[in-house]
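Visitor: Could you take me through one part of this model in some detail, and then show me what lies around it?

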Amino acid sequence: MSGIISLSLVELRAKLAAKEISVSQAVSACLERIEATEPKVDALLSLQAEASLDRAEAMDASGPDPDKPLWGVPIVVKDAICTKGVTTTCASKILENFRPFYDATCVERLKNAGAIILGKANLDEFAMGSSTENSAFKPTHNPWDLTKVPGGSSGGSGATVAASQCFAALGTDTGGSIRLPASFCGITGIKPTYGRVSRYGLVAYGSSLDQIGPMARTPADCAAMLQVMAGHDPKDSTSAPRSVSDFVAETASRRDLKGLRLGMPAEYWGEGLTPEVDRCCRAAMDTATSLGATLVPVTLPHTKYAIATYYVVATAEASSNLARFDGVRYGYRHQDSSDLRELYELSRTEGFGEEVQRRIVLGTYVLSAGYYDAYYRKAAQVRRLIRQDFLDAFEHCDVIVGPTSPFTAFGLGEKTGDPLQMYLADIFTISLNLSGLPGLSVPVGLGGDTGLPVGLQMFGRAWDEGTILGAANALSGALPGLGEPKGLLE
Amino acid sequence: MNFTPEQAAKVAALARLRLPEDKLVRLAVQMDDILAYVDTLAACDTTEVEPLYGPVEHHTPLRMDVAVKTCQREDILAQAPESDGRFFIVPKIVSG
């Protein structure tokens, strides 16, 4: 792999602005790469080849625009985020033919910044899953080993970036859905602070947990994307009315980790880690120390309750959010229903996949009369304790670090038979969503046993994405690169 | 606990899902597993802990209560499985 597609987003942007590369060349390079690799990875659900080439041609005719920070950069959007006139399926049969008549706010901002949306990425249906095997249309394969999952739920976004089909992709993270695929696919992905990026136009799963974030080759690439996406949006009442700092400058300016205290939670660095993940992440900590960081032991004692808490909170919110899919206003409808109730029941039963139905039933149960206090209220109380753990830990450190996952990418089909085992894959990512704080995953090497990418998480204080992006940038700059994904080499 | 297929059917009906018997049996077993895991929360002392339903810390911004036309009727109806150009069409609700 060489040429245009081997550039980072930041490098490409500079060459486009200097007219060393035309937008048409950049888009064509991506489309050629998609044609060559897509049969192997199945990362995309739709492709806007012609429209992208037309847009590129028009942009080349008008010339670079210094006011557009992503001028001519080809990207991909997770198919749970609305794109005007372009099918937005959520990888579900129930939305197979849904074409939104508006753009999500973050898509609108990216387009206004000059980005070109090449296509839409595969995901677990309605973002419910950790492997992208729950897609109603097809599983996505990990570019590092085609027999492995790319992680989920933003597995298509992870795979398309890792396969160099585009320069960045949008993912969404409700319980780790950006960070897990970033880790499994060997790229960087950040879940911003809850409220940092507008959720307007994101098909809701767990409204108090969902955040849209960028996935890209480097932390600096993620910073360039987030800079455009972040900021208050009156259309989303949970988007925070506060100013956005200069992530790009903060990321670029940090060349070492001097003065930074990295908190290592005992709960993330103990038993349960595979030896290769443990070795790789500890080696990264050695590098961090040599860059000037101080390592501090911290504790997040309620981590053991995070998955149980999450599956109550997230499914409760999902059961409510997904009530809107009823076969009346949009999406799949069962034909020939005799009454309204039958229309609802059969449209939903035939339109939703098994995992989505399971979560709707679980969520309905925990919210039902007689169980609400025992499950939903209890989980919300534990949620406060989980968040307090983080606030206490940040009294002693500036960034919290730990492995993104206890293991590297697992095999396709390996966990599909046991939903609970699949849920446990998110053990290290889920607490962050419950707390609302920002976190990213950055690649720190290849596992010595499997040869697959290992990701390290960095969590920051609320609204402090700049510090973790800068720290990740400094650390990854000091580590050897991963090289090309081996599943695409032959 | 013992989550039965009958309970699964009842909750599924509340969620407007109509699942076949074999799926209900499988779902009951999975729900039993998942709820047993969720029950580990009982061991966490939450005495006098205020529930946290969401991480938003700002007050919901207010705006003037003014009607604004944000989209066109035909754009909305274009996505409907069935419409008459003015309204969504559903099976008959009122008999007679």
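Visitor: What kind of unit do β2(A), helix α4 of chain A and β3(A) make?

Guide: Some housekeeping before the answer. This is a predicted model, where local features need pLDDT of at least 70 and side-chain atom pairs count only at pLDDT 80 or more, while totals for chains, interfaces and linings use all residues. Residues are numbered from 1 along each chain as its sequence is written, and chains are lettered from A and ligands numbered from 1 in the order in which they are written.

Now the unit: β2(A), helix α4 (residues 105-112) and β3(A) form a right-handed β-α-β unit. Helices and strands are DSSP runs (H or I, at least four residues, for helices; E, at least two, for strands), numbered from the N terminus.

Let's start with strand β2(A), residues 74-78. Five of its five residues are buried, so the strand is largely enclosed by the rest of the structure. Buried means that 20 or more other C-beta atoms lie within 10 Å of a residue's own, exposed means 12 or fewer, and partly exposed is in between, with C-beta atoms placed from the backbone. Both faces of β2(A) are covered: P74(A), V76(A) and K78(A) are buried on one side, and I75(A) and V77(A) on the other.

As for its partners, β2(A) pairs in the parallel sense with β3(A), residues 116-121, over five bridges. Pairing takes at least two DSSP bridges between the strands. In β3(A), I116(A) is what stands opposite P74(A). β2(A) also runs parallel to β4(A), residues 168-173, and two bridges join them; there, V77(A) has L170(A) as its bridge partner.

Next comes the helix of the unit. In α4(A), the buried residues are T105(A), C106(A), V107(A), R109(A) and L110(A). Their cover includes β2, β4, β6 (211-216) and α7 (219-229) of chain A. Just after α4(A), G114(A) has a positive phi of about 100°.

In soluble globular proteins, nonpolar side chains tend to be buried together.

Follow β4(A) onwards and you reach S177(A), in the loop between β4 and α6 (179-185) of chain A. S177(A) counts as buried, with 37 C-beta neighbours inside 10 Å. Leaving aside neighbours within four places in sequence, S177(A) touches A127(A), G152(A), S153(A), S154(A), G171(A) and T172(A). S177(A) and I212(A) are 35 residues apart along the chain, and their C-alpha atoms are separated by 9.8 Å.

Seven of its seven residues are buried, so β11(A) is largely enclosed by the rest of the structure. P453(A), G455(A), Q457(A) and F459(A) point one way and V454(A), L456(A) and M458(A) the other. Here the pairing is antiparallel, with four bridges to β9(A) and seven to β10(A). P403(A) is the bridge partner of L456(A), and L440(A) that of M458(A).

Helix α9(A), residues 275-290, packs its buried residues against β11(A), among others. Those buried residues are V277(A), C280(A), C281(A), A284(A) and A288(A). Seen down the helix axis, they fall within an arc of 90°, so they line one face of α9(A); the arc is that of the directions from the axis to the C-beta atoms. On the other side, P275(A), D286(A) and S290(A) are exposed.

Conventions: Right-handed = clockwise from strand over helix to strand, strands pointing away. Contact = placed C-beta atoms within 7 Å.
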